[in-house]
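Let's go through the pockets in this one and check what each label rests on. Have a look first.

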Amino acid sequence: MFSFCTDPSTLETYQWFACYFTTGKHANFYWAFVTVLLLLTVTAPTALAMGFGGASAARSRIAPVRWLGHGYISVVRGVPDIAFFLFFVIALDQGLEFLRHSALCPDWDQPIRQGNDFIVCDAAKLPLGNAPQWVHEVYGFALAVFTFAIVFGAFAANVLYGAMQAVPRAQLETAEAYGMTHRQTFWRILVPQMWVYALPGLSNLWMVLIKATPLLFLLGVEDIVYWARELGGTANPRFTDYPHGDWRMWYFLFLLVFYLAFTRVSEVVLERLMNRLTHGQATTGGEAQRKAA
């Protein structure tokens, strides 16, 4: 905070805004951007790993594993994201607390379900009631990453499964004819070639993931949309030194510009990655590069 911010009523316009945008709440708003970027950084590879596992399971020669892979893809894709976020986080949180309660509080003689309340002993709560605030925030963020990864992992699994199916079967048969095992064919022939078919779908999925970050507020994480709504709402002089009218339009306009800029940068990076992957490949992109050369 600047030294001249002690008496906001005496400030010039530019000083007033300088003080206003450096308050503690605005610091939380700026940190929320870091939270969103960190969520994308962690969730994207996690969801891709889960998607790869789901797609591999869906192609398995073992029937139960194959059913599990197809079931994961179908069930998660068939449930609206917002309903999954509302249900899964509560179910996961209560499931973990129930397991901890069973292990740590065997002498508990009260029912856990008491009407609409879910009550466990203090030692079983996640996180503990006396835990520092940062522990609560990290726990909420971890739940958010896990939930996002499960949802978008199912969509990634569907994309990767289709990409695996798109690799010409003749190449796989040729590899097996040269004596490669099924595992070697999978890792040396199928996986390297499937990415060129998967990238368009994964690119769209990345864009959807960016647009889905405002759902963080459903998981108890104070994201940029939450703070834009809080800061942009009418500020009463009785409760703040920086009163103002309804400024939500300007805050949300700033978020609009942020998301548009972020998606544009993503498009440029993904386009360059696509050009690199299609180089020399027998695909439409590869043929276009050969003609251009």
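Q: Which helices each supply at least two residues of the lining of the second largest pocket?
A: Those are α2, α5, α7 (182-212) and α9 (248-278). They're called helices because each is a DSSP run of H or I with at least four residues, numbered from the N terminus. Keep in mind that this is a predicted model, where local features need pLDDT of at least 70, side-chain atom pairs count only at pLDDT 80 or more, and totals for chains, interfaces and linings use all residues. Residues are numbered from 1 along each chain as its sequence is written, and side-chain values use heavy atoms, with hydrogens and water left out.

Q: Which helix gives the most to the lining of the second largest pocket?
A: That's α7, with seven residues.

Q: What makes a residue part of the lining of the second largest pocket, and which lie nearest its centre?
A: A lining residue has an atom within 4 Å of a pocket point; a pocket is an open set of points on a 1 Å grid over the protein atoms alone, where a 1.4 Å probe fits, with protein on both sides within 12 Å along at least five of seven lines. Here 16 residues line the pocket, and A44, L48, L202, S203 and W206 lie nearest its centre.

Q: How is the lining of the second largest pocket divided by class?
A: It has 15 nonpolar, one polar and no charged residues. Ala, Leu and Trp are among the types that count as nonpolar, Asp, Glu, Lys and Arg count as charged, and the others, Gly among them, as polar.

Q: What about the largest pocket: how much space lies in it?
A: About 460 Å³. Among its 17 lining residues, W31, T35, E137, V221 and E222 are the closest to its centre. α5 (133-166) gives the most to that lining, with seven residues.

Definitions and conventions. Points joined across faces, edges and corners; volume = space filled by probe spheres on them.
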